[in-house]
Amino acid sequence: MDLELTSDQRAIHDAIVQMVSNHMDVPRSGATLKPVEYCYADQLDRDLAEGEFFSLALTEGCGALEAALLVYETGRSPLVLETAGAAFIGPLLTGRDLPRPVAVARLEDLTRAVRFLDRARTLIVDLGDDVAVLSTDGLAVEPIHSMFAYPLGRLMTLPDFTAAERLGAAAVPRLRRLWRVGLALETAAALQAAVDFTTAYVKDRLVFGRPVGSYQAVQHRLSADIQRVRAVYWLALKAAWSGGDQDAALAALYAQQAITPINYDTHQFNGALGMTLEHTLHFWTFRLRLLQGEMGGARTQAAATVAATWAGA
Amino acid sequence: MQLAYSSAERAFLAEVRAFLAPWRGLGQYLQGRDHAGLRAFYKALGVKNWLSLGWPVDHGGRGLPPIYEFLLWDEMAHARIARPPLSAGIVAKTIIRYGTDAQKARWLEPIRTGELMFSLGYSEPEAGSDLASLRTRAELGPEGYRINGTKIWSSSAQDSDYLWLLCRTGEVASRAAGLSLLIVDLRAPGLRIRPMAKMSGNVFCELFFDDVIVPVDQRIGPQDGAWKMMNASLADERHVQFPPKRVLADYETVRDWAMAHGLDRDPVVRERLAELAVDVLECQAHALRVLTAQGDDVRASIAAAANKRASTDTIQAIARAAMDFGIPAALTTAAPIEQLWRQTLEESLGGGTTEIMTSIIARQGLGLKA
Amino acid sequence: MDFAWTESEQAYRAELVSLLEQQLPPDWWDAYAYDGPAGPELMVHARRFNAELAQRNLVVRHWPRAYGGQEASAWSQIILSEEMWSNGEPRSSLYLGANWAGPAIMKFGTEAQKQRYLRPIADGKLLWCQGFSEPEAGTDLANMKTRAEPDADGYVINGSKVWTSYASRADIMFLLARVGGSGKGGVSCFILPVNSPGMEVRPIPAIHSPHDFNEVFFTDVRVPADALLGEPGKGWDIVTTILHYERIGAARYEFSRRTLDRVVAHLKQRGLFDDPTVQAELATALAATEAARLLTYVVIDGRAKERPPGPDTYVARYAMVQADHAVANIASTYLSDLLTEQGDGMLRSHFTSAITAGIAAGAAEVQLNMISGRYLGLPRGA
Ligand SMILES: Cc1cc2nc3c(=O)[nH]c(=O)nc-3n(C[C@H](O)[C@H](O)[C@H](O)COP(=O)(O)OP(=O)(O)OC[C@H]3O[C@@H](n4cnc5c(N)ncnc54)[C@H](O)[C@@H]3O)c2cc1C
Ligand SMILES: Cc1cc2nc3c(=O)[nH]c(=O)nc-3n(C[C@H](O)[C@H](O)[C@H](O)COP(=O)(O)OP(=O)(O)OC[C@H]3O[C@@H](n4cnc5c(N)ncnc54)[C@H](O)[C@@H]3O)c2cc1C
């Protein structure tokens with residue numbers, strides 16, 4: 001066991017972090033009062049593509065862990081970028097790079113709201129008994145507007161899946177594993193960012209002559225939160241490494257359950273400022289709120305965990 | 001002990017319900033985006049003399065005990081119409097207690113009839129929970145008070161007539177002992193209002209004061225004497241601060257929505273709904289404690305803190321549960337569930353944060369020292 | 001980054017597993033281990049068991065060769081703890097010696113002290129107890145009052161200790177007593193036999209066990225000068241080192257993890273397992289144990305690389321407490337009849353141990369304080 005990045009992994013990690021750090025500024029809702037729903041990191045997308053970072057999972061000497069680092073590090077930016085589908089789920093599922101962004105959805109969610117669908121060029125669908133991979137060209141996609149800091153879309157009509165590429169029944173559990181890990185990584189990143197942001201804020205914000213962060217009531221909650229965040233991070237990386245059903249389900253479960261307390265605490269501690277769209281916090285917390293419901297939410301991950309752990313008699 | 005409404009109270013409740021019926025849903029989540037509608041509604045209340053239920057009779061009020069105001073605003077919250085207006089509550093009650101005869105004559109009547117809307121100017125960028133550290137200055141000169149500084153988070157300031165301003169008239173370091181209350185015309189020269197978008201989809205305002213002049217006769221009560229008056233008015237309003245039927249309304253919205261989508265067939269959903277129903281009852285119990293503690297300041301303060309904390313926790317839990325059951329359709333702005341979730345997030349901050357409420361319970365209720 | 005165990009680590013675990021199978025009687029949980037590692041039957045059994053361990057060189061593999069170890073990595077130490085703790089810690093308090101008393105002696109002891117104690121520890125001969133807490137000094141350990149007055153031959157100890165686990169059946173005590181001033185400055189470490197004249201051990205029955213807690217009174221207990229470890233008044237550094245090892249010395253998450261399997265078996269038997277609410281609770285508890293495991297492994301990874309201990313320790317300890325509670329709550333909600341004396345010894349042992357998890361070895365609130373300061377860098381309060 002060795003829980004540190006190898007020197008190659010460290011180099012990849014540092015390069016990604018460097019690129020992401022150039023893309024941390026989001027435009028705010030200003031005088032127009034028109035909410036900025038989200039801000040897509042187009043330039044970061046190009047930078048990463050140029051460095052072939054989206055292909056890490058399939059690069060000689062690299063694999064799921066390296067791709068996981070990409071998903072995690074890009075997820076910490078308040079700008080949004082689709083990496084879980086394009087760099088992790090897609091390549092590891094199909095063995096090839098797919099046109100990005102890549103949206104991933106359950107059949108029953110296609111006509112409701114799917115992350116990234118209004119921008120996606122590839123759509124991966126969990127059909128229940130099969131997995132379909134299709135180009136979004138010619139699909140009737142309607143963008144959905146929301147405060148959830150993600151591009152969202154839905155299909156007006158369901159496509160003809162018989163014509164689409166099908167990966168077979170055996171691909172279903174593989175897709176769900178990868179998807180759960182991707183979800184856990186994205187969640188870990190946004191949780192960490194929200195807690196980091198809040199920690200910095202409570203160090204500066206003075207009340208009654210002392211920093212908000214010097215009150216033990218605040219300290220204990222943030223400390224419990226950082227424990228949760230670190231747990232999500234390690235569970236997600238372990239799951240990326242192992243590719244196991246149980247690890248993936250556990251990571252997604254812990255991740256989705258960590259969202260409620262952390263969303264609450266980070267918003268509380270930012271005070272009224274955190275309620276405005278002029279503050280950065282909601283770009284993470286609102287994303288988290290959407291991630292919390294993905295793949296059926298924590299109860300589905302719990303059922304998957306139980307199935308993967310105690311299935312026998 | 002008498003845990004039932006009197007026949008007079010029941011009759012009043014029936015009258016309230018009948019009166020409110022046509023106004024149901026006016027302020028979707030008690031935010032009142034339809035400002036013209038709200039003004040019309042407050043005027044209609046004025047006609048019934050219901051904005052002044054608790055005021056003394058010789059000030060144009062009905063002189064009724066607090067339970068009547070409670071019943072009215074509780075029903076109002078249930079019907080999602082409006083919150084108690086600042087004007088007829090804190091503003092009027094402070095003027096009745098501390099105002100001069102001239103001030104009473106000038107302000108009470110248009111407030112009673114629902115003519116005048118007030119906004120609250122307490123918080124500042126550097127003074128929220130720690131209100132006594134506020135810095136907006138009012139210098140007394142020949143033409144009146146000259147105001148300079150910044151206020152923030154004033155709800156509805158963009159649509160109101162006057163601001164109930166808390167400002168510093170004493171020494172910089174005077175803290176609570178150097179504060180005064182002024183009524184400021186929101187169209188006064190030198191006052192700039194900047195609306196800010198908030199997550200609920202609504203706005204609150206930042207207010208910049210640049211040599212704004214306020215006539216001396218718009219100071220209510222003694223100079224530097226605001227703190228005591230504020231505490232008194234806080235006590236006056238405890239019973240309507242967070243009506244339990246607001247909590248019930250949120251619960252019913254979520255329950256009905258879950259049933260409409262067949263989600264209640266799921267045992268996990270049923271169990272959660274049942275747990276939340278118990279929490280709703282707990283909030284009702286807290287509200288009754290607030291009512292019965294009226295007159296005993298410490299007990300009422302603890303009960304009100306517990307009520308605010310429990311109620312805001314509960315509405316957030318209700319909204320969150322809905323999102324958890326939620327089919328993804330619940331998650332986009334079109335659906336009321338999602339809007340409910342965003343709106344409830346603010347309730348644990350505005351009007352005193354949950355952490356401050358908890359501190360009150362710890363200090364006053366449990367006798368714990370910081 | 002690699003989450004796999006090496007072949008030799010796997011072989012080591014297999015060796016432990018087969019040893020446990022051989023050495024623990026079939027009614028182990030119900031007749032020996034139901035009251036935790038300080039239970040009287042378990043402590044008697046431990047002396048035999050520890051001899052078997054010693055014979056196989058399994059007590060102190062992670063120690064340097066010079067002291068009877070094999071320089072095995074910190075990973076082998078956690079493997080050992082996982083296998084032992086999840087089986088009710090059949091070594092009893094031998095582990096105090098192997099985990100921190102021995103290493104403290106190696107680091108701070110004289111040559112003679114090393115000669116005297118390290119071999120017996122490696123041979124599995126000593127059951128330890130830890131005399132730290134006092135009535136007025138728990139979390140605030142530096143407030144302890146027990147005194148050691150220097151005299152011609154050594155020291156005379158007076159005072160009392162409380163919550164001292166194992167004391168009534170242990171051989172030897174690692175004691176904190178004050179030489180000189182107050183506060184951290186005067187704290188000094190002593191090692192002395194539990195049957196020293198003037199020492200009186202009075203058991204305190206407790207909700208988690210009738211046999212764990214003791215109060216220990218010292219009346220003019222005379223110890224030789226070489227009972228002192230390190231320098232007089234300089235014991236606080238030793239304490240800090242010890243506490244770091246103690247916090248995650250016991251692999252509590254593994255016990256929780258295995259107890260959860262047992263809980264599931266009972267639930268299945270009773271037809272409660274298919275309830276989705278129950279399943280959600282089980283999965284949540286499992287996520288907590290596995291989170292605690294990984295957060296502990298992060299600490300062990302640092303140890304294996306000989307990095308100075310960091311704030312990850314507090315994060316891991318806090319996570320362990322959460323995991324203990326998550327599992328214990330399910331057992332007490334759905335299987336409370338099995339937590340009685342006629343019930344299931346393993347569930348009972350886990351449940352009572354979980355009650356104390358947030359207090360022993362540094363209260364949970366203290367872990368949070370440490371995370372605030374050392375991990376998040378939040379400013380100190382008033
Ligand atoms: C929807 C909404 C409407 C509002 N409307 C108005 C209005 O109309 N007029 C107006 O004047 N103001 C209004 N406010 C402002 C409101 O009164 C303040 O937000 C509130 O007082 C908290 O101040 P703050 O936001 O500056 O947070 P801060 O005071 O900076 O607090 C930040 C965090 O620290 C915590 N904290 C502070 N002190 C302590 C302590 N001693 N112990 C532990 N934790 C502590 C807080 O609970 C919070 O979590 C509104 C706020 C909201 C959200
Ligand atoms: C099962 C068990 C076995 C034990 N075995 C031993 C043993 O073998 N040898 C030994 O010496 N001791 C032993 N102890 C004692 C243990 O070390 C103490 O119980 C522990 O240090 C806490 O001290 P206390 O019980 O005096 O609680 P206190 O220190 O009085 O604490 C009471 C409460 O206050 C909280 N608190 C204290 N300080 C702070 C702070 N600064 N901020 C916030 N909260 C705070 C604590 O978290 C706790 O919740 C054992 C305890 C248990 C439960």
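Helices (H or I, at least four residues) and strands (E, at least two) are taken as DSSP runs and numbered from the N terminus. The model is predicted, with local features requiring pLDDT of at least 70 and side-chain atom pairs pLDDT 80 or more, whereas totals for chains, interfaces and linings use all residues. Residues are numbered from 1 along each chain as its sequence is written, chains are lettered from A and ligands numbered from 1 in the order in which they are written, and side-chain values rest on heavy atoms, without hydrogens and water.

Ligand 1 is situated between chains A and B. Its shell, made up of residues with a heavy atom within 4 Å, contains 26 residues, the closest being A:Arg205, A:Gln268, B:Ser129, B:Trp153 and B:Thr353. At least two shell residues each come from helix 7 (245-269) of chain A and from strand 3 (144-155) and helix 11 (354-365) of chain B; strand 3 of chain B gives the most, with three. Because domain 2 (118-224) and domain 3 (241-365) of chain B both give residues to the shell, ligand 1 lies between them; the domain bounds come from an automatic or database assignment.

Among the polar contacts (pairs of N or O atoms within 3.5 Å), an oxygen atom of ligand 1 lies 2.5 Å from an N or O atom in the side chain of B:Thr353. A polar backbone atom of A:Gln268 is 2.6 Å from an oxygen atom of the ligand. Of the 970 Å² of accessible area that ligand 1 has on its own, the protein covers 91% (Shrake-Rupley method, 1.4 Å probe).

Conventions
Polar contact = N/O pair within 3.5 Å; in protein donor to acceptor, adjacent residues only side chain to side chain.
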